[in-house]
Amino acid sequence: MDELGSTALRSSPVALRGKIGQLRDRASGRHSPLRRLDWLLLGAVLALAVIGALLVWSATSERLSVAGGDPKSFLKRDLLNLALGLVLATGAMLLDYRLLRAYAPFVYLGSLVGLIAVLVVGSTINGAHSWIVLPGGFELQPSEFAKVALIVGIAMILGEKRDSRDGVRAARPGDVDVLVVLGLALVPVGLIMLQPDFGTVMVLVFVILGMLAVAGAPRRWVLGLFVGGVLLGAAIIGFHLLKPYQEARLTSFVSANAATDSTTGYNVDQAKTAIANGGFFGRGLFHGQQTQGQFVPEQQTDFVFTVAGEELGFVGAGGVLLALGVVLWRALSIARDSDDTFGALIGTGVVCWFSFQTFINVGMTLGIMPVTGLPLPFVSYGGSSMFAQMMAIGLLQNVRLRSRTDPYAL
C-alpha cells in the first residue's frame, strides 16, 4: 500500500468522527427541527396512546380468551394503528403547512369522496352506516378524516381574510366569509347526518363555532349559530326525527326512569358502577370486576375511560385527563404563537375538536352527557380515529416548527 493510501485509511476514522460531530451540532443547534419540536406535546400523546393500548388489552383479553382467540389481538392492532399514525403525523409535519393553502381544496374534495363512498359501499355498525370494511378485518371511517379536512378548509378561508402577503392584517371576516364557511361545512355535515352519526356532527359544529369566534367573525353570527343549533336539536327530538336507538340515548340521559328501561341506560349504569368500583387507586390492571366480567359494552372504544376508572382508580383516570389537558395546553400555545392566522386557526380547530370530544366521552361514562359514540382521543381503540388525530398532531408540530417564537417559551 502506498503512502497516500495509508494516510487516507488512517484519516478516515477522524473524518467520520468529524461528520458525526457536524450532524450532532446541526441536530442540537438553535434552529434544529429536533429542538423546535414540541416534545411535551409528543410525550403526552405517546403516553395516552400507550395507556390506551393497555386499557384496550385489559378490556378485550378475557373475552377473546374465552372465545378461543388471541387475547392480544386488539393490543397488537392498537399498536399497529399507533405506528401507522406516527407515520401519518410525520408526513403532516414535514410538508410546510403554509403550502396547505394550495392543497386545501383537494383535501376537502378527498374527504367528500370518502363520505360519499361510505354511503354507497359502507357497512352499518352499531346503528351507523359510517364504515368501509377493508380486507384483513380492518375498517375505515371517513368521517374522522373529514374533521381534519374541514379544519384545514376553514382555516384557509378565514386565514386568507386576515393575512395578506405583505404581512398586514386585513379586516375581520364579514357576513360573506361566514356564509362561505357555512357553505363549505354544510356538505360534509349533511353527508355525515345521512349515516347518521350525530356525535361527529356535534364535534364539527363545535369546531366551526370555535374557529369563527377566534377568527373574529361577527358576534351575531356566532351567537345566532349557537342558538340555531340548540333549537334544531330540540326540534329533532320534539318531532321524533331520530332513530329509536338514538332517541333512547337522549331519553336515558334526561330521564332516570327512561334510563332504567333502556339498553343505553343499562350501559351507562354499568359504566358508572365500574368507575365507582375503582376507588382512589383502582383494582389493578386486568383485575376490574366490571371490566373482566364484560358488563360494560364497547369498553375498548366508547367506554374505555371506565377501564381507567375501575382498574387505575381516581389517580390513574386523573392522570389520563391530565395528559389530555397537556395536549390541549400545548395546542393552545402553538396556536397562540403561530406567525399567521392560518396556523393559529389550525391549532384552534384541533383544540375545539379534542376538548369537545373528551368532554362528551368522559361525560357519558359519568352519566352527565348523552351517549354519542365518540371515542376518547388517543385512548380509545380505532384505526381511523387514531390516524386522524395523529395527523392533527402532525399539523400542530408543523406550525410549531415554522414559528419564530422560542420553543422553550412555555
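Arg330 forms a salt bridge with Asp38, and the closest N and O atoms of the two are 2.8 Å apart. This pair ties together distant parts of the chain, since Arg330 belongs to helix H14 (residues 304–337) while Asp38 sits in the loop between helix H2 (33–36) and helix H3 (39–66), 292 residues apart. Both Arg330 and Asp38 are buried. The model is a predicted one, and the distances quoted here should be read with that in mind.

In general, side chains of opposite charge can pair when their charged atoms come close. The structure holds 8 salt bridges, and another of them is the contact between the side chains of Arg402 and Asp96, at 3.5 Å from N to O. Here too distant parts of the chain are linked, with Arg402 in the segment after helix H16 (383–401) and Asp96 in the loop between H4 and H5, 306 residues apart. Arg402 counts as partly exposed because its relative accessibility is 21%, whereas Asp96, with a relative accessible area of 19%, is buried; the cut-off for buried is under 20%.

A further salt bridge joins Arg336 to Asp337, with the closest N and O atoms 2.9 Å apart. Arg336 counts as exposed at 53% relative accessibility, while Asp337 is buried, its relative accessible area being 11%. Elsewhere, salt bridges that share partners join Asp96, Arg98 and Arg402 into one network.

The loop that carries Asp96, between H4 and H5, also contains Leu95, and the helices on either side of this loop span residues 73–94 (H4) and 100–121 (H5). Leu95 is partly exposed, with a relative accessible area of 36%, and together with Leu99, Tyr103, Phe106 and Val107 it makes a nonpolar surface patch of about 480 Å².

Turning to the strands, E1 (residues 123–125) and E2 (residues 128–133) run antiparallel and are joined by 2 bridges. Ile125 has Ala128 in E2 as its bridge partner, and the two strands form a hairpin with 2 residues between them, where Asn126 in the turn has a positive phi of about 55°. Strand E2 also pairs with strand E3 (residues 139–140), again in the antiparallel sense and over 2 bridges, and in E3 the bridge partner of Val133 is Glu139.

Technical notes: Residues numbered from 1 in each chain as written. Predicted model: local features only at pLDDT ≥ 70, side-chain atom pairs only at ≥ 80, totals over all residues. Heavy atoms only, no water. Patch = residues over 30% accessible without salt bridge, like charges linked within 9 Å, V, L, I, M, F, W, Y side chains within 5 Å. Areas by Shrake-Rupley, 256 points an atom, 1.4 Å probe, with all protein chains shown as cover. Salt bridge = Lys/Arg side-chain N within 4 Å of Asp/Glu carboxyl O. Helix = DSSP H or I, 4+ residues; strand = E, 2+ residues; numbered from the N terminus. Buried < 20%, exposed > 50% of the residue type's maximum accessible area, 1.4 Å probe, protein only. Pairing = 2+ DSSP bridges.
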